[in-house]
Amino acid sequence: MSAIDNEPFPRGALIAAGFLVGSSLLITAGARLAQVLHPAAVVQRSGPSPVQQVGLRFYDEADGSVLVRDSRNNHQVASLAPGTNGFVRGVLRGLAHDRMRRGIGMAPPFSLMRWSSGRLALRDTATGRTIDLDAFGISNKQAFVDLLPRDARA
């Protein structure tokens with residue numbers, strides 16, 4: 001047996017460690033709560049504007065399909081059959097979850113934007129979150145290109 005086995009652990013060190021862990025948890029929880037209650041303002045980026053932009057709304061149908069409508073005139077852009085367009089559904093599921101977490105409904109449209117370089121992005125107009133669709137490959141990007149007006153597809 002060594003001398004350390006007979007002596008108690010220093011009480012001050014235990015109190016300091018407990019205080020450090022507790023204050024870290026409180027600060028983290030406070031920061032997280034502040035972000036949920038007051039999301040950061042959308043930062044407007046300077047630079048080129050999209051050459052094409054269309055507002056879209058997505059509606060879940062009773063048969064499992066997703067109806068896509070132009071937000072300006074409410075014309076039907078597409079109907080995504082059940083079991084198809086998994087990438088589009090996945091992207092929308094993530095954005096809808098973010099809206100639900102923030103207490104925002106599905107009424108505000110999404111903005112599908114194309115730049116002169118051909119890059120494509122989907123922006124949630126309610127939260128400001130933008131998804132660069134080029135990052136997911138050509139076939140996944142094509143699923144969103146198909147939602148653009150026919151005369152603008154390239």
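Modeller: A first term is pLDDT, the predictor's confidence in each residue, from 0 to 100. This is a predicted model, in which local features need pLDDT of at least 70, side-chain atom pairs count only at pLDDT 80 or more, and totals for chains, interfaces and linings use all residues. Residues are numbered from 1 along each chain as its sequence is written, and side-chain values use heavy atoms, with hydrogens and water left out.

Biologist: What is the mean pLDDT of the protein chain?

Modeller: Of the residues in the chain, 85% reach 70 or more. Over residues 40-46, however, the pLDDT is below 50. Where pLDDT is low, the predicted coordinates should not be read in detail. The mean for the protein chain is 84.

Biologist: What is the order of the strands in the open sheet?

Modeller: Helices (H or I, at least four residues) and strands (E, at least two) are DSSP runs, numbered from the N terminus. Two strands pair if DSSP finds at least two bridges between them. The open sheet has six strands with antiparallel pairing, in the order E3-E2-E1-E4-E5-E6.

Biologist: Which are the edge strands?

Modeller: An edge strand here pairs on one side only. The two that do so are E3 and strand E6 (130-132).

Biologist: Which residue of E2 is the bridge partner of Arg57?

Modeller: Strand E1 (residues 52-60) pairs with E2 in the antiparallel sense, over five bridges. In E2, the partner of Arg57 is Arg69.

Biologist: Which residue takes a positive phi in the hairpin of E2 and E3?

Modeller: Strand E2 (residues 66-70) and strand E3 (residues 76-80) are antiparallel partners over four bridges, and Leu67 is bridged to Ser79 of E3. Five residues lie between the strands of this hairpin. The residue with a positive phi, near 65°, is Asn74.

Biologist: Are H2 and H3 roughly parallel or roughly perpendicular to each other?

Modeller: Axes are lines fitted to C-alpha atoms, for helices over the stretch in contact (heavy atoms within 4.5 Å), and angles run from 0 to 180 degrees between N-to-C directions. H2 and H3 pack at about 75°, with their axes 9 Å apart. Angles under 35 degrees count as roughly parallel, over 145 as roughly antiparallel, 65 to 115 as roughly perpendicular and the rest as oblique. The two helices, H2 and H3, are therefore roughly perpendicular.

Biologist: Which residues of H3 make the contact with H2?

Modeller: From H2, the contact is made by Phe87, Val88 and Val91. From H3, the residues are Asn140, Ala143 and Phe144.
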